[in-house]
Amino acid sequence: MLRVQLVVLIISLFVTGFIVEQVRRRRLAVEYSLIWIVAGMGMIVLSLWKDGIEYIADLMGIYYAPSAIFVIFGILVFVLCVHFSLEISRLSSNNRVLVQRIALLEDDLKSLEENSADPENKPFCKDV
């Protein structure tokens, strides 16, 4: 095994292990970790498969094989950006709904406090 392959394998294992540990400690949600775990596994496969990057470069029509790595990482970054944009949009929409619900609850609480402070609106109590 070449030294470069060994270094990439060790880094790939470290990154994948780090992501799994963050999920285990509940610092990273599982749905966000899947992309990183797939990327780590892909790096592990490419580090073990000696001519893998050349094969992928040939499939993509790239003559200089290391350029294929940049294309792959560019695609990965694009997928991450789209995924996080969708997640931010969903969270923004949920946040807007929650703010509206809180405003309605505060209005209801304010009207209840006003009604309880008014002595004419107090319920009639009979002595038993």
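Predicted model: local features only at pLDDT ≥ 70, side-chain atom pairs only at ≥ 80, totals over all residues.
Which residues does I62 touch, not counting residues up to four places away in sequence? Residues are numbered from 1 along each chain as its sequence is written, and side-chain values use heavy atoms, with hydrogens and water left out.

View 1. Leaving aside residues up to four places away in sequence, I62 touches A57, S67, A68 and V71, where contact means heavy atoms within 4.5 Å. I62 also belongs to the largest nonpolar core, whose 5 residues are I53, A57, I62, A65 and A68; such a core is a set of buried Ala, Val, Leu, Ile, Met, Phe, Trp, Tyr and Cys residues joined through side-chain atoms within 4.5 Å, and buried means under 20% relative accessible area, exposed over 50%, partly exposed in between (1.4 Å probe, protein chains only). At least two residues of this core come from each of α3 (52-60) and α4 (65-117), helices being DSSP runs (H or I, at least four residues) numbered from the N terminus.

**View 2. E87 and its polar partner.** E87 lies in helix α4 and is buried, with a relative accessible area of 13%. Its side chain makes a polar contact with the side chain of Y32 (3.0 Å). A polar contact is a pair of N or O atoms within 3.5 Å; within protein, one must be able to donate a hydrogen and the other to accept it, and residues adjacent in sequence count only if both atoms are side-chain atoms.

**View 3. The buried residues of α2.** Y32 is one of the buried residues of α2, together with S33, I35, A39, G40, I44 and S47, and these buried residues pack against α1 and α4.
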